[in-house]
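Let's take a walk through this protein, one part at a time. Keep the picture open as you read.

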Amino acid sequence: MAMLDINWKPSNKELRQFAGLCLVIFGGIGAWGAYQDGLEGHARWFLIAAGALGVPGLLVPALVRPVYVAWMALAFPIGWTVSHLLLGFIFYGVITPIGLTLRLFGYDPMHRAFDPKAETYWNEHRTGGDPSGYFRQF
């Protein structure tokens, strides 16, 4: 299964959550716009969207299934692009400079340096003494 996937068959619970979010978000934007400018302009359309998606979707979730699926299909490429850009930025903008800096100063936290005189590279590991500590790990 892919990390990002479109849910083509959402459950009634997911559809109700979507309807509730539409009601709260669109209703909030519409209420804020109505408070600022009255019911002129965009505020009216946000309130209509809140009422048209939120209320029927909470009562009969199957009514908002096409809107939910269309919304997810349109949002999928945006999410895919943003997640890959963010992961690329974190790797090349954070992890790579840290690794290059550590390598520049010769720090090797895993002790991977080759030693031709060493008989073995095995490091002894000390185990815990009291087995009751397994039940109190934190």
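## Helix 2

Start with the buried side of helix 2: Ala43, Ala50, Leu53, Gly54 and Gly57 are its buried residues. Keep in mind that this is a predicted model. Those buried residues of helix 2 pack against helix 1 and helix 3.

How far does helix 2 reach from its first C-alpha to its last? With 18 residues, helix 2 reaches 26 Å, close to the 26 Å expected at 1.5 Å a residue.

## Helix 1

Now for helix 1. Its buried residues are Leu15, Phe18, Ala19, Gly20, Cys22, Phe26, Gly27, Gly30 and Gly33. They pack against helix 2 and helix 3.

You can check the length of helix 1 too. Its 26 residues should span 38 Å at 1.5 Å a residue, and the end C-alpha atoms are 36 Å apart, which agrees.

Trp32 sits in helix 1, and it counts as exposed because its relative accessibility is 55%, where the cut-off for exposed is over 50%. If you go looking for Asn7, you'll find that Trp32 and Asn7 are 25 residues apart in sequence and 32 Å apart in space, C-alpha to C-alpha.

## The nonpolar core

Which residues make up the largest nonpolar core? There are nine of them: Leu15, Phe18, Cys22, Phe26, Ala50, Leu53, Val64, Tyr68 and Val69. Helix 1 (12-37), helix 2 (42-59) and helix 3 (65-104) each supply at least two residues of this core. Helix 1 gives the most, with four residues.

Leaving aside its neighbours within four places in sequence, Tyr68 is in contact with Asn7, Pro10, Leu15 and Phe18. Both Leu15 and Phe18 are core residues as well.

## How helix 1 meets helix 3

Two packed helices are described by the angle between their axes and the distance between the axes. For helix 1 and helix 3, the angle is about 80° and the axes are 10 Å apart. That makes the pair roughly perpendicular, because angles of 65 to 115 degrees count that way.

Who does the touching? On the helix 1 side it's Asn12, Leu15, Phe18 and Phe26, and on the helix 3 side it's Arg65, Val67, Tyr68 and Trp71. Sorted by class, this contact has six nonpolar residues, one polar and one charged.

## After helix 1

Gly41 lies in the loop between helix 1 and helix 2. Is Gly41 buried, partly exposed or exposed? It is partly exposed, because its relative accessible area is 38%, and that class runs between 20% and 50%.

Gly41 also gives you a handy distance to look at: from C-alpha to C-alpha, Gly41 and Ile90 are 41 Å apart in space, and they are 49 residues apart in sequence.

## After helix 3

One last stop is His111, in the segment after helix 3. Most residues other than glycine have a negative phi. His111 isn't a glycine, yet its phi is positive, about 55°. His111 counts as exposed too, because its relative accessibility is 63%.

Note on methods
Residues numbered from 1 in each chain as written. Predicted model: local features only at pLDDT ≥ 70, side-chain atom pairs only at ≥ 80, totals over all residues. Heavy atoms only, no water. Core = buried A, V, L, I, M, F, W, Y, C linked by side-chain atoms within 4.5 Å. Buried < 20%, exposed > 50% of the residue type's maximum accessible area, 1.4 Å probe, protein only. Contact = heavy atoms within 4.5 Å. Axes fitted to C-alpha atoms, helices over the stretch in contact; angles between N-to-C directions. Parallel < 35°, antiparallel > 145°, perpendicular 65-115°, else oblique. Nonpolar A, V, L, I, M, F, W, Y, C, P; charged D, E, K, R; others polar. Expected span 1.5 Å × (residues − 1).
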